[in-house]
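Subject: Structure handover

Hello,

The structure is below, followed by notes on what was found in it. Please read the notes with the model open.

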Amino acid sequence: MAYLVLRNLTKTYGHTAVVHGLDLSVDAGEFVSLLGPSGCGKTTILRMIAGFVTATAGEVWIKDRNVTQLPPNRRNVGLVFQNYALFPHMTARANIEFGLKSHHVNAADMSERVGTVLGLVGLSSYVNRYPRELSGGQQQRVALARVLALKPDLLLFDEPLSNLDAKLRVQMRQEIRRVQREVGVTALFVTHDQEEAMTMADRIVVLEHGRIGQVGSPAEVYDRPRTRFVADFIGTSNFFEGGVMPAGNCHIFRCNSGLEFEVDSKLADLNASTVSVRPEKIEFVSPGTPRSFPGVVQEVTQLGPTVEYLVILDSGDRVVMEEQKRPRTAHRQVGDAVSITWHSTDTVFLQS
């Protein structure tokens, strides 16, 4: 039996469905990210699990226990909020103790728990500081420590890094993942940031309009997206419209533009009308190379360690490709005539 199970979880407001019959299982100790754009229902799902929003239909099971009808205080679920929700007039210690007192934890146990969780998040020397005396990252750590002190069965994060600057977000990703692994608590992490999901989660649940578009490891959803939405939302993709057809001992994909390229017969979906190729899978080759496509560089964009090129093929297709900056790598300019190619196994067939 999975540690967390959502069965046909549904939420409607009037005639508007926000979450549609969601089914999901999460194993003990797993870190799962709910990823999707604003308005896709991810925060509503989290709040139904926590008990702050009542499900219209379906069930929530935690540790073999149906908690669907239980109030939040009887679910033993910890929620880390986006805005930290610390009491400004209380020290870090007092903020953590507040929840413990409401759970009638005795003084000795309370002192031990506060010391343990502050040590866990690296704030043992900040125990007497007020929120105004802490940085955004330190406040977030106190908020995490406050939840961990209650020893929740399930840890929920509602976009907790949104208010931090870019470098601090990266640092806090690592800290949250380290703490979660060390404690061993099962966690759900809501975010609209694909990089957060890719770097932190064991599995990613990609949501689209209240439905699951795909569930898989970061590598699975990136390398083998099932739908155009998933391929487009996670990273960047080149899309080609057309159809698959046999060509001797292999298969080709013939685009509506007339462009043709070989695809892997074992991976080919004969019913697919759309395929995608990731930019980093495409490479420049010498003119006349077999199975290559000539074109002209239209745009060049510097992306730190990589260069992004927009190439207009002779067929009229627009192709975005990325190339790592390496010593002795030729740098193309706008207007350069080039030839590009990619391996047949890097063409991904998408469901309509």
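In what follows, Ala, Val, Leu, Ile, Met, Phe, Trp, Tyr, Cys and Pro count as nonpolar, Asp, Glu, Lys and Arg as charged, and the others, Gly among them, as polar. This is a predicted model, in which local features need pLDDT of at least 70 and side-chain atom pairs count only at pLDDT 80 or more, while totals for chains, interfaces and linings use all residues. Residues are numbered from 1 along each chain as its sequence is written, and side-chain values use heavy atoms, with hydrogens and water left out.

The pocket

A pocket here is an open set of points on a 1 Å grid over the protein atoms alone, where a 1.4 Å probe fits, with protein on both sides within 12 Å along at least five of seven lines; lining residues have an atom within 4 Å of a point. The largest pocket holds about 550 Å³ of space (the volume filled by probe spheres set on the points, which are joined across faces, edges and corners). Its lining has 20 residues, and Val77, Gly78, Leu79, His103 and Leu150 are the ones nearest the centre. By class, the lining of the largest pocket has 12 nonpolar residues, seven polar and one charged.

At least two lining residues come from each of strand 6 (77-80), helix 2 (92-102) and helix 4 (136-148). Helices (H or I, at least four residues) and strands (E, at least two) are DSSP runs, numbered from the N terminus. Helix 2 contributes the most to this lining, with four residues.

The helices

Axes are lines fitted to C-alpha atoms, for helices over the stretch in contact, and angles run from 0 to 180 degrees between N-to-C directions. Helix 2 and helix 4 have axes 8 Å apart, at an angle of about 30°. The two are therefore roughly parallel (angles under 35 degrees; over 145 is roughly antiparallel, 65 to 115 roughly perpendicular and the rest oblique). Their crossing is right-handed, that is, the near helix is turned clockwise from the far one by less than a right angle. Ala92, Asn95 and Ile96 of helix 2 are in contact (heavy atoms within 4.5 Å) with Val142, Ala145 and Arg146 of helix 4. That contact has four nonpolar residues, one polar and one charged.

The axes of helix 2 and helix 3 (residues 107-120) come within 10 Å and cross at roughly 130°, which makes helix 2 oblique to helix 3. This crossing is also right-handed. On the helix 2 side the contact uses Arg93, Ile96, Glu97, Leu100 and Lys101, and on the helix 3 side Met110, Arg113, Val114, Val117 and Leu118. Six of these residues are nonpolar, none polar and four charged.

Helix 4 also packs with helix 5 (residues 166-183): their axes come within 11 Å and cross at roughly 20°, so helix 4 is roughly parallel to helix 5. The contact has six nonpolar, four polar and two charged residues.

Arginine 332

Where does arginine 332 sit? It is in the loop between strand 18 (318-324) and strand 19 (337-341). Leaving out residues up to four places away in sequence, arginine 332 touches Phe284, Val297, Val300, Tyr309, Glu323 and Val338. Its C-alpha atom is separated by 55 Å from that of alanine 92, 240 residues apart along the chain.

Regards
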